[in-house]
Amino acid sequence: MASHQLLVAPPEALRKPLSIPNKLLMGPGPSNLPPRVLAAGALQMLGHMHKETYQIMDEIKQGIQYVFQTRNPLTLAVSGSGHCALEVALFNLLEPGDSFLVGVNGIWGQRAADIGQRIGAHVHPLIKEPGDHHTLQEVEKGLAQHKPVLLFLTHGESSSGVLQPLDGYGELCHRYKCLLLVDAVASLGGTPIYMDQQGIDILYSGSQKVLNGPPGTSLISFSDRAKHKIYTRKTKPLSFYMDVTWLANIWGCDDKPRMYHHTTSVIGLYSLRESLALVVEQGLQNCWQQHREASAYLHKCLQGLGLQFFVKDPPFRLPTVTSVAVPAGYNWRDIVDYIMDHFAIEITGGLGPTVGKVLRIGLLGCNARRENVDRVIKALKEALQHCPQNKL
């Protein structure tokens, strides 16, 4: 018999069935799920240490190696969003006192710098205005001055819509005995990236953008240089949950019998496996072309509405997330809310340093289609006609 009376009554809301509205997600993520990924989420549970689960994990590793274009053995998925993968990278690569060079041109560089400070690294930000990218000359100056062990760059800065060039940056880092860490959460699958050929030492991304998977799993890979740095640390990583030496084992990356570390999101792994399978079926180059063509069409339509791109130079515009300046006199929230309330379409405002400055439209995976662009443009045009505009 229970020794105490219940103080909290059963919530009435939970007596009702779950009801989810149908929305078109055309923001910077998450994205809508294709039928095959939805179906994977309804499959029966397996144990996280069953042989069938290990087979799925091995197939995911192969899929990550394909979309990253890497042969790195230390390649795996993390139980957490793309932000979690950033912490996995930094917690394992940085030790107190290490010099850390951070490209900051949006919120993700700001976050990387913050985490580096929490670890106790000597953080040296390379600050550019949102909408700008980091040049090789600027990076080399920082490498020569600060002699970092690690450089962080964001390939697709979703807060501003910037596409960071990567050719030559890995070679430059290695010349200065520095590792290159790249955030590809918003760019992977939507624009070319070649981890091995571009000399990227640590690359990570998320499941919920172009891959059209549910949020909660992320992808990461480490070069042999990065692996050596991790396995020769003087101190243990701050987080046990994110310790790569343990994660490598449960993902079969160390040629040792797999041991229990944590209970992985098994259903999330089903979904991630199917997301990667869809990219394999389409082919990476076709996927890149789809996003290139869809973004070109979107840009043409936005210009037709008289909107101004936040990223001025076309080669540096991220094809997966397009940012336009909030039109003069409008409140960005009025526009976003009108489109959601009247059309059930999500676009978003800015993030971090671009809050209040931009509207962001995403073209992610299966959503990167002309008919979806047409729906967004129709909704945006109507919003601009009906939302209040301050003429002053």
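The largest pocket in this structure, which is a predicted model, has a volume of about 260 Å³. Of the 17 residues that line this pocket, Asn22, Lys23, Leu25, Asn32 and Leu33 are the closest to its centre.

**Open and enclosed spaces**

- Rolling a probe the size of a water molecule over the atoms shows where empty space is left.
- Two elements, the strand β1 (24-25) and the helix α12 (370-386), each supply at least two residues of the lining of the largest pocket.
- When the whole structure is searched, two cavities of 30 Å³ or more are found, and the largest cavity has a volume of about 60 Å³.
- The lining of the largest cavity includes His48, Met49, Tyr54 and Met57, and it also includes Ile250, Arg258, Met259, Tyr260, His261, His262 and Thr264.

- Arginine 317 sits in the loop that runs between the helix α10 (284-304) and the strand β11 (321-325).
- Although arginine 317 is buried, it has no salt bridge, and the nearest side chain of opposite charge, that of aspartate 313, is 7.1 Å away, whereas a salt bridge would require the charged atoms to lie within 4 Å.
- A polar atom of the side chain of arginine 317 does, however, lie 3.1 Å from the backbone oxygen of lysine 312.
- If the neighbours within four places in sequence are left aside, arginine 317 is in contact with Gly161, Leu163, His299, Phe309, Val311 and Lys312.

Terms used:
Residues are numbered from 1 along each chain as its sequence is written. This is a predicted model: local features need pLDDT of at least 70, side-chain atom pairs count only at pLDDT 80 or more; totals for chains, interfaces and linings use all residues. Side-chain values use heavy atoms; hydrogens and water are left out. Helices (H or I, at least four residues) and strands (E, at least two) are DSSP runs, numbered from the N terminus. Buried means under 20% relative accessible area, exposed over 50%, partly exposed in between (1.4 Å probe, protein chains only). Lys and Arg count as positive and Asp and Glu as negative; His and the chain ends are not counted. A polar contact is a pair of N or O atoms within 3.5 Å; within protein, one must be able to donate a hydrogen and the other to accept it, and residues adjacent in sequence count only if both atoms are side-chain atoms. Contact means heavy atoms within 4.5 Å. On a 1 Å grid over the protein atoms alone, a cavity is a set of points where a 1.4 Å probe fits but cannot get out, and a pocket is an open set with protein on both sides within 12 Å along at least five of seven lines; lining residues have an atom within 4 Å of a point. Grid points are joined across faces, edges and corners, and a volume is the space filled by probe spheres set on the points.
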